[in-house]
There are 2 protein chains.
Amino acid sequence: MNAQLLDNAKSDRVRRLADLTRAKGRRKAGRFLIEGPQSVREAVRYRADAVSDIYVASDGQAGASDVLERIIQEALQADNVYVHRATREVMDHISTDAQGILAVGELDAMRAVQTRLALTQGSRIAAFWQVRDPGNAGTVIRAADAAGCDAVVFVDDCVDMFNPKVIRSTAGSLFHLPVLTVGTDEFFAMMGERGLGVWAADVYGTETRKPESLPDVLARLRANPTSDGNSYAMLFGNEARGLSADVLAQCQRIISIPLYGKAESLNLATSAAILLMSLTMASSVAS
Amino acid sequence: MNAQLLDNAKSDRVRRLADLTRAKGRRKAGRFLIEGPQSVREAVRYRADAVSDIYVASDGQAGASDVLERIIQEALQADNVYVHRATREVMDHISTDAQGILAVGELDAMRAVQTRLALTQGSRIAAFWQVRDPGNAGTVIRAADAAGCDAVVFVDDCVDMFNPKVIRSTAGSLFHLPVLTVGTDEFFAMMGERGLGVWAADVYGTETRKPESLPDVLARLRANPTSDGNSYAMLFGNEARGLSADVLAQCQRIISIPLYGKAESLNLATSAAILLMSLTMASSVAS
């Protein structure tokens, strides 16, 4: 715990921290910002190795709220985490989404675990091709976590997962499971090496392949618990354009979610939640 | 089609239209605003009876884009819809989310169909108690539509469904199925009269009742297609506080979505999509 109260909103240190909200600042510093009690708590609990500093709002002599104090106590268990007190003004200068607490994470430490994926035996992968919207990217990481996926893979040109809005939208899930970024060819090669079939979420399919309907896929999973129901990479396309024909052609299966009413489509986050969770529920009931 | 080009962004008419983006303006005028090609197209296609005017951006002599022209042609089939051309400046003054096209809807016409619900035989209801966020409210209406629900009921103090952000988030679904607003007592009375069991989505349950896990509920639905799997009112709670103990006590069943990973919760829109779609898939496979 650093006893000195940070009260100069115009200091270099505060400016450098605020820079972490931008991609360029993160690249330059090799660090990223974690905002708000939920994200900081999950970062401290699951990836304290990747957290270097915590900044907590402190008004005069009064301590932080109980919620924040509990997070700080947990953080202080880790030798590598430094806790600093800062004025509200300083906190606001760094981020308007802090809700009283911020942490600084180390990109190298996060990435070290992320590349270990290639070596692990995890067998349920959620993959997203060219996901661009930070809110969507965060929400799908959270959905993949809830559905018990072993990892998330961002394929090709996706939004930076260390964008503060992505992190906020994951509600802590960024620290619960590895999230990798790889190119398209690398993705298919990696899944091939691990013997995981790539299943595409797609409404239209290709000229020669109609999509399988999700309820049929689930029925087969339940009927045959020894099938590949517990190991797959489920791949979702870009928010607006879906998956390219070229990518679809490389997928083992194409699965579509049926639309029962008059809605013409579901958005990416909704599709991912329904598909990932249904697949897990179907194979968990079977096993 | 009105031949006159609206080009005075400071006219009373433009000011009154812009007022429809606010609750007070809608109440005063008895009308609401429908923004963007997708929403306007679905309004024209499914609820032309409730649409009075369409405003389309027109720059000089050039017509609107093909997409907009097709919507206009469809709108002109309805005797009651007037189409007006307006300058970009006028359109921007009314709404920055128009994407070239706006429609004005009549609250009375929308509500007339909405209250007919009590008389119809629809049997899959999606209900939301105290939903407050406009984006959430729109997304859950869209999910209920996709899952084939016969109606959506907003229970107690919810966001105004004619808020422009709600309408945009429904992606047209507001015009696909009836969406009602009722009080809590009225809701339970209405469902009781129609013989529909109210099922609560809730993680914790009450002191005396543990929630049933969704996969178990789905397995029973599939095993017994003659059960009540095709008729229910599925009730979701407020984004932050869930359902009150008082409301939970009045529900026939309490259902929770299992979390397989380390995620602590799912947000409202995600929970609703998973639950509504799984229930429909399970009972549709069975039937």
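**View 1. A salt bridge joins R41(B) to E264(A).** In this close-up, the closest N and O atoms of R41(B) and E264(A) lie 2.7 Å apart. A salt bridge here is a side-chain nitrogen of Lys or Arg within 4 Å of a carboxyl oxygen of Asp or Glu. By that rule, two salt bridges are found across the interface of chain A and chain B. A note before you zoom in further: this is a predicted model, where local features need pLDDT of at least 70 and side-chain atom pairs count only at pLDDT 80 or more, while totals for chains, interfaces and linings use all residues. Residues are numbered from 1 along each chain as its sequence is written, chains are lettered from A and ligands numbered from 1 in the order in which they are written, and side-chain values use heavy atoms, leaving out hydrogens and water.

**View 2. Chain A meets chain B.** Each partner brings its share: 37 residues come from chain A and 37 residues from chain B, with contact meaning heavy atoms within 4.5 Å. About 2900 Å² is buried between the two chains, 63% of it on carbon and sulfur atoms; buried area is the accessible area (1.4 Å probe) that two parts lose on being put together, summed over both. On the chain A side, Y260(A), K262(A) and M281(A) lose the most area to chain B, together 22% of what that side buries.

**View 3. Helix α3 of chain A packs against helix α4 of chain A.** From α3(A), the contact uses P37(A), V40(A), R41(A), V44(A) and R45(A). Their partners on α4(A) are V67(A), L68(A), I71(A), E74(A) and A75(A).

Definitions and conventions. Helix = DSSP H or I, 4+ residues; strand = E, 2+ residues; numbered from the N terminus.
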